[in-house]
Amino acid sequence: MHLKIVPWLKCALVSTMSLRQCLRVCVLLVTVDILCVACRHSKLKPGDVVKKKGDNGKEYVVQTCLGMGVQGEVWTLNGSDRLLKARVAHKNVNRECLFGKIAAQKDSTHFTNCFDHGEGEVWKVEGSELKLEKQIAYTLWERAKGQQISTLMSPPSRAKELNKVFPDLHSVFDRLNELFHMFDTLQQPGTIAPGIGVRQWTQDWQWAHMFASADGFTLIDYGMQTQCCNGSQECAVNSVNYFEPCTSNLLRASSLSASKYLTQFMVDLAFGQSFSQFGQSDWFKRLHNTSLESLVRDLRSGSGPSREMFRDQWDLQSAKVIVEMAKWRRVHEVDAQWPPLFMNSIKVALESVPLSTPITQELLDVDRKKSLSPPIHV
Ligand SMILES: Nc1ncnc2c1ncn2[C@@H]1O[C@H](COP(=O)(O)OP(=O)(O)OP(=O)(O)O)[C@@H](O)[C@H]1O
Ligand SMILES: [Mg+2]
């Protein structure tokens, strides 16, 4: 940990390592430090025992803190592959856990299951004794497989890994489609107990809550969420968990925010820019008035907003997705619908955008395009 302050240059001067090796060590230390900073003020410490209140014998020994958010901290456990999320501020852990249970029933690949929740006593090991320290609320989770995408997004050193997950524009559309289906599955009523008839929306989509693995995405953290009961279906799981009926206002607002998350996903990946800034930019605001041809030209040009690696892959269909998303941004809440209209253009784009071709082929294609300068047809 303290080694992180060793500057790269000093390392190179005083050690026998090469510049490149020093750089690698420094990057590693900074990464370790980011992880540690994330847990620096954790309320729990490795070895603490969390005993479930009112449930004789249920206890968890925490091992390594994986991360801390506004609401809580997440720990690996001794002798278990599950994760314990300790909530410092008392929150409705019951609802969060139920969200995971119902969502995992609907789709266990994309949502993590919750196995336990409750109030816990934190016991610290002092010598050979255990001392009661504090009370917390906790939930117990299945660990998401793969890599947290936020860790691939920011430091440039991870760009190679990000490019493996999203190697071409086709993969971006593919994954966007996958995210849509995840939201779509969530918003459908459950079909098996517990949770028959419950429609769900997560209200906190962000890259830190998304993991990518060979199976696809997994979404975590259901602390901010909406759940409601579909029509006249039986939705009360038990006397504690009663769900209010879904109203059209709630459905509309939730559809709108899910559509916003999809657009955010696209903008972050295709343009490498944060949606909050880019969505406000003149370029994005003017899009609905731009012809598809000039947009394709813009997306393909070096001065356009596209990430360089996707530049040659934009065509009319894929550009149309961006236009439709920009139009959606102008939609008044009253007109919001699910599925969002831009999903149609994504389907078309998926059929048209080519999978990445070997580099030599790509170069040949670019040369041919340059020499022929083909017209762009609508
Ligand atoms: N199921 C999981 N599998 C793998 N890692 C997880 C899982 N749940 C949480 N984590 C790790 O713990 C970190 C914090 O988790 P989480 O986002 O659920 O906490 P939080 O307190 O709700 O944060 P915030 O409220 O700020 O979003 C995550 O960023 C992730 O690194
Ligand atoms: Mg979180």
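Student: How do strand 4 and strand 6 pair, and over how many bridges?
Tutor: In this predicted model, strand 4 (residues 80–87) and strand 6 (residues 129–141) pair in the antiparallel sense, over five bridges.

Student: What stands opposite Ala86 there?
Tutor: Tyr138, in strand 6.

Student: And strand 5, how many bridges join it to strand 6?
Tutor: Twelve bridges, with strand 5 (residues 114–126) running antiparallel to strand 6. The two strands form a hairpin with two residues between them.

Student: Which residue in that turn has a positive phi?
Tutor: Gly127, with a phi of about 65°.

Student: Which residue in strand 6 is the bridge partner of His117?
Tutor: Thr139. Thr139 and His117 lie 22 residues apart in sequence, but their C-alpha atoms are 4.2 Å apart in space.

Student: Is Thr139 buried or exposed?
Tutor: Buried. Thr139 has 26 other C-beta atoms within 10 Å, and 20 or more are enough to count as buried, so that is how Thr139 is classed.

Student: What is Thr139 in contact with, leaving aside neighbours within four places in sequence?
Tutor: Lys85, Val93, Glu96, Cys97, Cys114 and His117.

Student: Switching to helices. At what angle do helix 6 and helix 7 pack?
Tutor: Helix 6 (residues 169–187) and helix 7 (residues 248–271) pack at about 160°, and their axes are 10 Å apart. An angle over 145 degrees counts as roughly antiparallel, so helix 6 and helix 7 are roughly antiparallel to each other.

Student: Is the crossing left-handed or right-handed?
Tutor: Helix 6 passes helix 7 in a right-handed crossing.

Student: Which residues make the contact?
Tutor: From helix 6, Val172, Leu176, Leu179, Phe180, Phe183 and Gln187. Helix 7 brings Ser254, Ala258, Leu262, Phe265, Met266, Leu269 and Ala270.

Student: Which of them point which way?
Tutor: Val198, Gln200 and Thr202 point one way from strand 8, and Arg199 and Trp201 point the other way. In a regular strand, side chains alternate between the two faces of the sheet. In strand 8, the residues pointing either way are all buried.

Student: What does strand 8 pair with, and how many bridges join them?
Tutor: Strand 11 (residues 225–229), running antiparallel to strand 8 and joined to it by five bridges. Val198 stands opposite Cys229 of strand 11.

Conventions:
Residues are numbered from 1 along each chain as its sequence is written. Chains are lettered from A and ligands numbered from 1 in the order in which they are written. This is a predicted model: local features need pLDDT of at least 70, side-chain atom pairs count only at pLDDT 80 or more; totals for chains, interfaces and linings use all residues. Two strands pair if DSSP finds at least two bridges between them. Helices (H or I, at least four residues) and strands (E, at least two) are DSSP runs, numbered from the N terminus. Axes are lines fitted to C-alpha atoms, for helices over the stretch in contact, and angles run from 0 to 180 degrees between N-to-C directions. Angles under 35 degrees count as roughly parallel, over 145 as roughly antiparallel, 65 to 115 as roughly perpendicular and the rest as oblique. A crossing is left-handed if the near helix is turned anticlockwise from the far one by less than a right angle, and right-handed if clockwise. Two residues are in contact if their C-beta atoms, placed from the backbone, lie within 7 Å. A residue is buried if 20 or more other C-beta atoms lie within 10 Å of its own, exposed if 12 or fewer, and partly exposed in between; C-beta atoms are placed from the backbone.
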